[in-house]
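Please look at the sequence and the 3D structure below before reading on.

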Amino acid sequence: MKITHNLEFSYFSEPKIIAEISGNHKGNKREFLKLIKSACLNGADLIKIQTYEPKDITLDKNNKEFFIDKGTWKGKRLWDLYKKACTPFSWHKDAFKIAKKYKKTIFSSPFSIRAVDLLESLDCKIYKLASFEITDLKLIDYIASKKKPIIISTGMANVKEISDAVNVAKDAGCQDILLFHCISSYPTATKDANLRMVSYLRKRFELEVGLSDHTLNNNAAIASLALGATA
């Protein structure tokens, strides 16, 4: 899967390293841009961010359904958590400027139609579909209509849901699709990485496959290369 003239995801080329910024900026724009620059200077082939604001994911409600009832964030309201973790739309332009300065490819996971429109205005070269959105076929169709390469994360999906997402993307005109094997556990224990899915997905869908790694060391990422992971 070719992204630019010198950037390609392929079984026959060196694996690509993607730096995930996510919510590691802790709601601080200066820290966010510092992380972008650091990724550019320290060997990342691509930098990935997330494009959403609270209203793209949840509602500003106080009903019990909008509070987390167990785990690390027990008692926290979804709106408040997403507000803290999101990368505001107003920050994106500066992030793309930094990546361009260092000749790196920056891309994002959009969580809404308006997020895709923002990224299009910034000439985003590639999109990633978060595994939590893999059943949002309307969003997939809209992303695919932009005729840009799409990475589809599979952590929350069964085989049928992956197949549906791939088919919708292809039907909308996207032929450059990369699947990412993913375990949606944060962090993931190495013993639970289930890396055989890398080779399974390659064979089942005849697409390039990467690894979205949530473990706390490099062991799973390195091992995945022997099974055909390209990123």
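Lys-191 and Asp-192 form a salt bridge, in which the closest N and O atoms are 3.4 Å apart; a salt bridge here is a side-chain nitrogen of Lys or Arg within 4 Å of a carboxyl oxygen of Asp or Glu. Lys-191 is exposed, with a relative accessible area of 73%, whereas Asp-192 is partly exposed, at 40%. In these terms, buried means under 20% relative accessible area, exposed means over 50%, and partly exposed lies in between (1.4 Å probe, protein chains only). This is a predicted model, in which local features need pLDDT of at least 70 and side-chain atom pairs count only at pLDDT 80 or more, while totals for chains, interfaces and linings use all residues. Residues are numbered from 1 along each chain as its sequence is written, and side-chain values use heavy atoms, with hydrogens and water left out.

Side chains of opposite charge can pair when their charged atoms come close.

| Salt bridge | Closest N and O atoms |
|---|---|
| Lys-29 and Asp-94 | 2.8 Å |
| Asp-164 and Lys-160 | 2.8 Å |
| Lys-191 and Asp-192 | 3.4 Å |

The pair of Lys-29 and Asp-94 links distant parts of the chain, since Lys-29 lies in helix H1 (residues 29-41) and Asp-94 in helix H3 (residues 92-101), 65 residues apart. Helices (H or I, at least four residues) and strands (E, at least two) are DSSP runs, numbered from the N terminus. Lys-29 is partly exposed, at 29% relative accessible area, and Asp-94 is partly exposed as well, at 27%.

Asp-164 and Lys-160 are four residues apart in helix H6 (residues 159-171), and therefore about one helical turn separates them. Asp-164 is partly exposed, at 27% relative accessibility, while Lys-160 is exposed, with a relative accessible area of 57%. Elsewhere, a network of salt bridges links Glu-53, Asp-56 and Arg-114.

On the surface, Phe-132, Met-156 and Tyr-186 form a nonpolar patch with about 350 Å² of accessible area together. Patches are made of residues with over 30% relative accessible area and no salt bridge, where like charges are joined within 9 Å and nonpolar side chains (Val, Leu, Ile, Met, Phe, Trp, Tyr) within 5 Å; accessible areas come from the Shrake-Rupley method with a 1.4 Å probe, and for residues only the protein chains shown count as cover. Phe-132 sits in the loop between strand S6 (127-129) and helix H5 (137-144) and is partly exposed, at 48%.

Thr-87, in the loop between helix H2 (78-85) and H3, is buried, at 1% relative accessibility. Its side chain makes a polar contact with the side chain of His-25 (3.0 Å), a polar contact being a pair of N or O atoms within 3.5 Å; within protein, one must be able to donate a hydrogen and the other to accept it, and residues adjacent in sequence count only if both atoms are side-chain atoms.

Ile-21, in the loop between strand S3 (18-20) and H1, is also buried, with a relative accessible area of 4%. Leaving aside neighbours within four places in sequence, Ile-21 is in contact (heavy atoms within 4.5 Å) with residues including Phe-32, Leu-35 and Ile-47.

Finally, the protein chain averages a pLDDT of 92, and 97% of the residues score at least 70; pLDDT is the predictor's confidence in each residue, from 0 to 100. Confidence is lowest in strand S1 (residues 2-4), at a mean of 59, and highest in helix H4 (residues 113-121), at 98.
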